[in-house]
Amino acid sequence: IGATGSEDGNFQWPTKLLLDKDENLIISDEALNRITIMDRDGSFVSKWGELGNKEGQFNRPSGMALDRDENLLIVDSFNHRIQKFTKNGDYIASWGAYGSREGEFNHPWGIAIREDGHIFVSDWRNNRVQHFTEDGSFVAEFGQHSSNELSLNRPAGVAVDQDGDVYVADRDNHLIVIFNAHGRYV
């Protein structure tokens, strides 16, 4: 599916793939700063997004997740925020800014949504995972060094299982790290 280039249905740096309920493929492309949707047969359906820092614009979209309503949450890495859209690309909301305090990001990358709607984001340069409610309110952070916990080093992908355990691809430590539903290192 696709080829190198900016034409409809082509990609330069495809980063994340999702399947919606209709088995459409949703692809984020960091280089083209856009989202492309292909049908189950690999035919181009639509694309949206452009370079910028305004609502609905991107600077290196990476991780994505679909919520219970099939709205799309997109990690807008170089804008240091999370944006929420309908699958058609209609902007809904966003949160986050550059920094290291609660709810701020320094090049976030991965995102996962728990069954109850809570959101987990790997905050790459802050070496942590942040936990948010469904509406983007900060809950907790974890993955930084403590006496009984491994310190994350450039966490990338993140996933959540049916028990609420959080799995983190800890890139520079060359590990997959598991935290329980409360953010405690397993």
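A: A polar contact is a pair of N or O atoms within 3.5 Å; within protein, one must be able to donate a hydrogen and the other to accept it, and residues adjacent in sequence count only if both atoms are side-chain atoms. This is a predicted model, in which local features need pLDDT of at least 70 and side-chain atom pairs count only at pLDDT 80 or more, while totals for chains, interfaces and linings use all residues. Residues are numbered from 1 along each chain as its sequence is written, and side-chain values use heavy atoms, with hydrogens and water left out.

Q: Which polar atom lies 2.7 Å from the backbone nitrogen of glycine 110?

A: The atom belongs to the side chain of serine 122. The serine 122 side chain also reaches the backbone oxygen of alanine 156, at 2.3 Å.

Q: Where is serine 122 placed in the secondary structure?

A: Helices (H or I, at least four residues) and strands (E, at least two) are DSSP runs, numbered from the N terminus. Serine 122 is in strand β10, residues 119-123. The chain as a whole has zero helices and 15 strands.

Q: Is serine 122 buried or exposed?

A: Buried means under 20% relative accessible area, exposed over 50%, and partly exposed in between (1.4 Å probe, protein chains only). Serine 122 has a relative accessible area of 0%, so this residue is buried. Of the 186 residues in the chain, 49% are buried.

Q: Which residues does serine 122 touch?

A: Contact means heavy atoms within 4.5 Å. Leaving aside residues up to four places away in sequence, serine 122 touches Pro108, Trp109, Gly110, Arg128, Val129, Pro155, Ala156 and Val158. For the chain, among contacts between residues at least 6 apart in sequence, 36% join residues at least 24 apart.

Q: How is lysine 84 to be read by these terms?

A: Lysine 84 is in strand β7, residues 81-85. Its relative accessible area is 16%, and therefore lysine 84 counts as buried. The side chains of lysine 84 and aspartate 67 are joined by a polar contact of 3.5 Å. The residues that lysine 84 touches, not counting those up to four places away in sequence, include Asp67, Asn71, Tyr91 and Ile92.

Q: What does the radius of gyration of the chain agree with?

A: The radius of gyration is taken over C-alpha atoms, and the globule rule is 2.2 Å times the number of residues to the power 0.38. The chain has 16 Å, which agrees with the value near 16 Å for a compact globule of 186 residues.
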